[in-house]
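Open the model in your viewer and keep the selection tool ready. We will go from stop to stop, selecting residues and saying what is there.

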Amino acid sequence: RRWGKQSTASCSLCKWKGCTLQHIICSCTVALEQGRISYRHDSILHCIVKYIKSVMVEQKNSCATQVADADKQIRCPIRFVKQGTAVKKRRRKNVSYWGNHADWKILMDTRTKQYQIPSCIASSSLRPDICVYS
């Protein structure tokens, strides 16, 4: 009703009279039976996993470049500055949360595909939606 698509505030799926956003997103019995809520949840998980994978690839590539550049330069842990001269600010290097490891694994729990958390991480029957480990 809010966007002028319907004249009444009833749910178009189950015909419940007091239809709200909360009802549409997680309370409609017809949507629950049809799997619409699980489909929406799984679609969001797929977007998150796709983004995580793209960040992993991007940071892996940038770390490889930084390691090659660092090998060419002589590193000095302390930068001395003469009195009266200004300190030159260095650009901060990107920090990779994923490290230089290439063996990261992403597990995603969906309605159609469920996973088991590796026993080396935790021994539990509970499953988070997404598990990232190396």
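Select isoleucine 25. This residue sits in helix α1, residues 21-27. Helices here are DSSP runs of H or I with at least four residues, strands are runs of E with at least two, and both are numbered from the N terminus. Isoleucine 25 is partly exposed, at 40% relative accessible area. The cut-offs are these: buried is under 20% relative accessible area, exposed is over 50%, and partly exposed is in between, with a 1.4 Å probe and protein chains only.

A note before you move on: this is a predicted model, in which local features need pLDDT of at least 70 and side-chain atom pairs count only at pLDDT 80 or more, while totals for chains, interfaces and linings use all residues. Residues are numbered from 1 along each chain as its sequence is written, and side-chain values use heavy atoms, leaving out hydrogens and water.

Together they form a nonpolar patch on the surface, with about 280 Å² of accessible area. Patch members have over 30% relative accessible area and no salt bridge; nonpolar side chains (Val, Leu, Ile, Met, Phe, Trp, Tyr) are joined within 5 Å, like charges within 9 Å. A salt bridge is a side-chain nitrogen of Lys or Arg within 4 Å of a carboxyl oxygen of Asp or Glu. Areas come from the Shrake-Rupley method with a 1.4 Å probe, and for residues only the protein chains shown count as cover.

Step to cysteine 26. Is it buried or partly exposed? Cysteine 26 is partly exposed, at 42%.

Go back to lysine 15, in the segment before α1. Its phi is near 65°, a positive value in a residue other than glycine. Most residues other than glycine have a negative phi. Lysine 15 counts as exposed, at 57% relative accessibility.

Zoom out. The chain has 3 helices and 2 strands. From the N terminus, the order is α-α-α-β-β. Of its 134 residues, 19% count as buried.

Next, select Leu107, Tyr115, Ile117, Cys131 and Tyr133. These 5 residues make up the largest nonpolar core. Such a core is a set of buried Ala, Val, Leu, Ile, Met, Phe, Trp, Tyr and Cys residues joined through side-chain atoms within 4.5 Å. In soluble globular proteins, nonpolar side chains tend to be buried together.

Keep tyrosine 115 selected. Leaving out residues up to four places away in sequence, its contacts (heavy atoms within 4.5 Å) include Leu107, Arg127, Pro128 and Cys131.

Turn to cysteine 131, buried at 10%. A disulfide needs two cysteine sulfur atoms within 2.5 Å. By this rule the count is 0.

Pick proline 128, in the loop between β1 and β2. Proline 128 is partly exposed, at 37%. Not counting residues up to four places away, proline 128 touches Asp109, Tyr115 and Ile117. Aspartate 109 is 19 residues apart from it along the chain, yet their C-alpha atoms are separated by 7.2 Å.

Last stop: threonine 110, in the loop between β1 (105-108) and β2 (130-133). Threonine 110 is buried, at 9%. Which residues does threonine 110 contact, leaving aside neighbours within four places in sequence? They are Asp42 and His46.
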